[in-house]
Amino acid sequence: MNRRTTLAAAIALTAGLALAGCSSDSSDAEPDLKIGQAFMPEPLNADMAGGFLVVKNEGKAADKLTKVTSPLADDVTIHETKNQKMREVKSFDVPAGGELDLERGGSHIMFMGLKKKPKQGEKVSIELHFEKAGLVEVDLPVKETTYNPKHH
């Protein structure tokens, strides 16, 4: 192999390992994130919507959800609800061997100033930004307004 081919192969291998969430040094603990139960209830008005999902971390290292972005709205924030009060937070911890549960009545994603009102049956694409795992793209299926996966 010539040098350029070897370099291209090395870059491709490195990118593949990064995308797979693997590390070339097995002693490094890495988060291993799986996203499930993702949905957005069809919003009642055209201004705002909520997003919900579960981030399961099967890895040996904790991570943090630091930001969520979406083409649906320029203003996407993460909120926690404690003592029936909602407040914006800078990040959510995703513990090693644990999970982050963004659910109705609890922590969640807020979409403000929607560019269009999503309808039931559509999908809303979002990007979850993690401190260690990087960018994870997820589609939120738009469900009926009253949908709650705990009851389905």
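Predicted model: local features only at pLDDT ≥ 70, side-chain atom pairs only at ≥ 80, totals over all residues.
Me: What makes S4 and S5 a pair of strands?
Reply: Strands here are DSSP runs of E with at least two residues, numbered from the N terminus, and two strands pair if DSSP finds at least two bridges between them. Strand S4 (residues 75-82) and strand S5 (residues 85-89) have five bridges in the antiparallel sense, so they meet the rule. The bridge partner of threonine 81 is methionine 86. Two residues lie between the strands of this hairpin, where asparagine 83 takes a positive phi near 50 degrees.

Me: Why is the contact of glutamate 99 with lysine 56 called a salt bridge?
Reply: The rule asks for a side-chain nitrogen of Lys or Arg within 4 Å of a carboxyl oxygen of Asp or Glu. For glutamate 99 and lysine 56, the closest N and O atoms are 3.0 Å apart, so the pair qualifies. Glutamate 99 sits in strand S7 (residues 99-102) and lysine 56 in strand S2 (residues 48-57), so the bridge ties together parts that are 43 residues apart in sequence.

Me: How many salt bridges does that rule give?
Reply: The count comes to seven. Among them is aspartate 93 with lysine 64, at 2.6 Å between the closest N and O atoms. Aspartate 93 belongs to strand S6 (residues 92-94) and lysine 64 to strand S3 (residues 63-69), so this pair joins parts that are 29 residues apart in sequence. Lysine 116 and glutamate 122 form another, at 3.1 Å. There is also a network of salt bridges linking Glu80, Lys82 and Arg87.

Me: Is proline 43 buried or exposed, and how do you know?
Reply: Buried means under 20% relative accessible area, exposed over 50%, and partly exposed in between, using a 1.4 Å probe and protein chains only. Proline 43 has 7%, so it counts as buried. This proline is in the loop between strand S1 (33-41) and S2. Counting contact as heavy atoms within 4.5 Å, proline 43 touches Met48, Ala49, Leu114, Lys117 and Pro118, leaving out residues up to four places away in sequence.

Me: And what makes glycine 97 fall in its class?
Reply: Its relative accessible area is 65%, so glycine 97 is exposed. Glycine 97 is found in the loop between S6 and S7 and touches Asn57 and Gly59, again without residues up to four places away in sequence.

Me: What about lysine 64?
Reply: At 27%, lysine 64 counts as partly exposed.

Me: Which residues line the second largest pocket?
Reply: The lining includes Pro43, Phe52, Arg104 and Thr145. Proline 43 and threonine 145 are 102 residues apart in sequence, yet 6.5 Å apart in space, C-alpha to C-alpha. The largest share of the lining, four residues, comes from S2.

Conventions:
Residues numbered from 1 in each chain as written. Heavy atoms only, no water. 1 Å grid on protein atoms, 1.4 Å probe; cavity = no way out; pocket = protein on both sides within 12 Å on 5 of 7 lines; lining within 4 Å.
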